[in-house]
Amino acid sequence: VETYRKLRNTLRYLLGATAGFTPEEALSVAEMPLIERWMLHRIAAVDATVRAAYADFDFRRALAAVTEFTNVEFSALYADIRKDALYCDAPDAVRRRAARTVMHALRDRLILWLAPLAPFTAQEAWGRATPDGEAVHGAVLPDVPADWAAPEAAARMERLLTIRRVLTGALELERRDKRIGASLEAAPVLWLPDPSEVEGVDMAELAITSAVTVKAGDGPA
């Protein structure tokens, strides 16, 4: 029940987040920020796992891949980081357009991933996403575009997420000791032996803080 509720809520969120999306709004992969290129890379990886699982009639493996991705990487990470851009950026802002392009791609693919497992829910969502009346089981899962695979972007993003975990761990300690409430109340100092690792990346956006100051070195004890 809990798994189904989370998946249905993810579909509902994606339907709302992509309302009014048009092909003219879409950005190419080359125009996207790093986090969107990483997200498309992860969608491509999950798609491959789901296709292989269905080919083997291994529905449990397909469901596990989809739920882990939607709960951990999409809902708890990507959607959380991008919510400000989605709700506050100008409609023509690159960051917002990139987020909606990725969410639109994920929306349709997630519906089709779930169609064999939750046919009524998939049809309900498909009817909202494609109001032309086509049945979801008449649709074909599209091939993954070749430029979604971005191993270099993925490797860099994984390193940034490791750094992010250090930041969020420090924020949890501050929250536990009642020095902050929401993470946006914090402006941490990030010490790195090699600050170039985060060059060109807004770590405050990634960590959902009001600011991040990057300094070279090991930091205070």
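A: Start with one residue and its surroundings. This is a predicted model. Setting aside neighbours within four places in sequence, glutamate 73 is in contact with Trp38, Met39, Arg42, Glu68 and Tyr78.

Q: Where is glutamate 73 found? Is glutamate 73 buried or exposed?

A: Glutamate 73 is in helix α3, which covers residues 59–88. Buried means under 20% relative accessible area. Glutamate 73 has 15% relative accessibility, so this residue counts as buried.

Q: With which side chain does the side chain of glutamate 73 make a polar contact?

A: The partner is the side chain of arginine 42, at 2.6 Å.

Q: How are two packed helices described?

A: Take helix α2 (residues 34–55) with α4. Their angle is about 10 degrees, and their axes are 10 Å apart. Angles under 35 degrees count as roughly parallel. Therefore α2 is roughly parallel to α4.

Q: Which residues of α2 and α4 meet?

A: From α2 come Glu36, Met39, Leu40, Ile43, Val46, Asp47, Val50, Arg51 and Tyr54. From α4 come Ala98, Ala99, Val102, Leu106, Arg109 and Trp113. Sorted by class, this contact of α2 with α4 has eleven nonpolar, four charged and no polar residues.

Q: What is the angle between α4 and α5?

A: Helix α4 spans residues 94–114 and helix α5 spans 119–129. They pack at about 155 degrees, with axes 8 Å apart. The cut-off for roughly antiparallel is over 145 degrees. So α4 and α5 are roughly antiparallel to each other. The crossing of α4 past α5 is left-handed.

Q: Which residues form the contact of α4 with α5?

A: In α4 they are Arg107, Asp108, Ile111, Leu112 and Leu114. In α5 they are Pro119, Ala122, Ala125, Trp126 and Ala129.

Q: What does threonine 101 touch?

A: Threonine 101 belongs to helix α4. Not counting residues up to four places away in sequence, threonine 101 touches Phe21, Glu25, Ala26, Leu27 and Met32. The side chain of threonine 101 reaches the backbone nitrogen of leucine 27 at 3.2 Å. Threonine 101 is buried, with 11% relative accessible area.

Q: Now backbone angles. What is phi of lysine 178?

A: Phi of lysine 178 is near 65 degrees, a positive value in a residue other than glycine. Lysine 178 sits in the loop between α6 (151–176) and β1. At 73% relative accessibility, lysine 178 counts as exposed.

Q: What about isoleucine 208: buried or exposed?

A: Isoleucine 208 counts as buried, at 11% relative accessibility. Its phi is positive, about 60 degrees, although isoleucine 208 is not a glycine. Isoleucine 208 lies in the loop between α7 and β2 (213–216).

Q: How many residues apart are proline 193 and alanine 207 in sequence?

A: They are 14 residues apart in sequence and 19 Å apart in space, C-alpha to C-alpha. Proline 193 is in the loop between β1 (189–192) and α7 (203–207). Proline 193 counts as exposed, with 68% relative accessibility. Leaving aside neighbours within four places in sequence, proline 193 is in contact with Gly217 and Asp218.

Note on methods: Residues are numbered from 1 along each chain as its sequence is written. This is a predicted model: local features need pLDDT of at least 70, side-chain atom pairs count only at pLDDT 80 or more; totals for chains, interfaces and linings use all residues. Side-chain values use heavy atoms; hydrogens and water are left out. Axes are lines fitted to C-alpha atoms, for helices over the stretch in contact, and angles run from 0 to 180 degrees between N-to-C directions. Helices (H or I, at least four residues) and strands (E, at least two) are DSSP runs, numbered from the N terminus. Angles under 35 degrees count as roughly parallel, over 145 as roughly antiparallel, 65 to 115 as roughly perpendicular and the rest as oblique. A crossing is left-handed if the near helix is turned anticlockwise from the far one by less than a right angle, and right-handed if clockwise. Contact means heavy atoms within 4.5 Å. Buried means under 20% relative accessible area, exposed over 50%, partly exposed in between (1.4 Å probe, protein chains only). A polar contact is a pair of N or O atoms within 3.5 Å; within protein, one must be able to donate a hydrogen and the other to accept it, and residues adjacent in sequence count only if both atoms are side-chain atoms. Ala, Val, Leu, Ile, Met, Phe, Trp, Tyr, Cys and Pro count as nonpolar, Asp, Glu, Lys and Arg as charged, and the others, Gly among them, as polar.
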